[in-house]
Amino acid sequence: RIDGPGGGFAGVVAAAIEPRYFDAFYESIKVGQAGVVALLRLDGTAVTRAPGGEPFRARKIGAGTGFAERLAGADAGTYHGLSSVDGVARIYSYRKIKDRPLVVVVGLGLAETLAGWHAALWAQSLAAVAFIVVIVGLGYLVVLELHRRQQTQALVWGHRGVLERMAAGAPLDVTLEALVKLIESQSPEMLGSILLLDEDGVHLRHGAAPRLPAAYTAAIDRM
């Protein structure tokens with residue numbers, strides 16, 4: 001409005017902005033393959049939308065998304081939802097332009113936005129699984145080594161016990177039985193037996209077989 005010298009109405013100055021200017025400007029903003037940028041009126045009617053441009057002009061694209069209710073509650077905010085235009089899930093941020101009945105909305109594709117996070121999560125998960133496998137493998141090797149050392153120590157003590165029996169003049173059958181038991185303790189699945197060559201140099205005599213049936217040892221004695 002232009003006022004005259006006496007304060008009366010002298011006319012109106014109006015400036016028009018070509019809507020395609022907004023289209024070009026908003027199309028230049030990079031928001032990803034699934035992203036959108038829009039300039040809307042307060043009721044959700046589009047002034048422009050990128051991508052899309054002119055086909056969306058004057059179209060109410062915020063309907064059914066709760067956009068109007070959110071705008072009534074706050075001049076700026078962020079939310080996620082499905083687009084009423086193409087059904088794509090997006091994370092939206094909006095801000096009302098001060099002293100203008102307009103609001104700028106930027107939407108980023110939810111899947112596209114979280115893709116990097118998902119990739120990092122998968123990489124971290126695989127690394128964690130690999131780490132666990134390595135730890136379990138090392139633990140298994142440690143257990144095997146401890147078991148081997150225990151067997152070696154038991155064998156050494158067993159040999160010492162057999163030698164002490166021999167030095168103490170223990171009966172031969174007692175010493176031989178202790179020796180078989182020592183060997184069997186190293187391999188529990190094995191049954192041990194010691195046979196002695198008879199004085200005639202032809203027959204075998206039973207020496208020791210603590211885990212074999214008595215009938216079996218009797219049958220092979222003096223074979």
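Q: Are Tyr79 and Tyr92 buried or exposed?
A: Buried means under 20% relative accessible area. In this predicted model, Tyr79 is buried, and Tyr92 is buried too.

Q: How many aromatic pairs does the structure hold?
A: There are two aromatic pairs. One of them joins Tyr79 and Tyr92, with 5.3 Å from centre to centre and 25° between the planes. Planes under 30 degrees apart count as stacked, so the pair of Tyr79 and Tyr92 is stacked.

Q: Which parts does the pair of Tyr79 and Tyr92 tie together?
A: Look up the element of each partner. Tyr79 belongs to strand β5 (residues 76–82). Tyr92 belongs to strand β6 (residues 89–96). The pair therefore ties together parts 13 residues apart in sequence.

Q: Which residues do ring pairs link into a cluster?
A: The cluster consists of Tyr79, Tyr92 and Tyr94.

Q: What sits over the ring of Tyr79?
A: The charged end of Arg70 does, 4.0 Å from the ring centre.

Q: How many salt bridges are there?
A: A salt bridge needs a side-chain nitrogen of Lys or Arg within 4 Å of a carboxyl oxygen of Asp or Glu. The count comes to four. Among them is Arg148 with Glu145, whose closest N and O atoms are 2.6 Å apart. Another joins Arg149 and Glu145, at 2.9 Å between the closest N and O atoms.

Q: Where do Arg148 and Glu145 lie, and how are they separated?
A: Both are in helix α3 (residues 110–167). They are three residues apart, which means a separation of about one helical turn. Arg149 and Glu145 are four residues apart in helix α3, again about one helical turn.

Q: Why does Arg149 count as exposed?
A: Exposed means over 50% relative accessible area. Arg149 counts as exposed because its relative accessibility is 54%. Arg148, at 44%, counts as partly exposed. Glu145 is partly exposed at 29%.

Q: Which residue forms a salt bridge with Lys181?
A: Glu177 does, with the closest N and O atoms 3.3 Å apart. Glu177 is partly exposed at 33%, and Lys181 is partly exposed at 45%.

Q: Why does Glu184 count as buried?
A: Glu184 counts as buried because its relative accessibility is 5%. Its place is in helix α4 (residues 172–186).

Q: What does the side chain of Glu184 reach?
A: The backbone nitrogen of Gly192, at 2.6 Å. Leaving out residues up to four places away in sequence, Glu184 touches Met190, Leu191, Gly192, Pro210 and Arg211.

Notes. Residues are numbered from 1 along each chain as its sequence is written. This is a predicted model: local features need pLDDT of at least 70, side-chain atom pairs count only at pLDDT 80 or more; totals for chains, interfaces and linings use all residues. Side-chain values use heavy atoms; hydrogens and water are left out. Helices (H or I, at least four residues) and strands (E, at least two) are DSSP runs, numbered from the N terminus. Buried means under 20% relative accessible area, exposed over 50%, partly exposed in between (1.4 Å probe, protein chains only). A polar contact is a pair of N or O atoms within 3.5 Å; within protein, one must be able to donate a hydrogen and the other to accept it, and residues adjacent in sequence count only if both atoms are side-chain atoms. Contact means heavy atoms within 4.5 Å. Rings of Phe, Tyr and Trp (its six-membered ring) pair if their centres lie within 6.5 Å; planes under 30 degrees apart count as stacked, over 60 as edge-to-face and the rest as tilted. A charge sits over a ring if NZ of Lys or CZ of Arg is within 6 Å of the ring centre and within 35 degrees of the ring normal.
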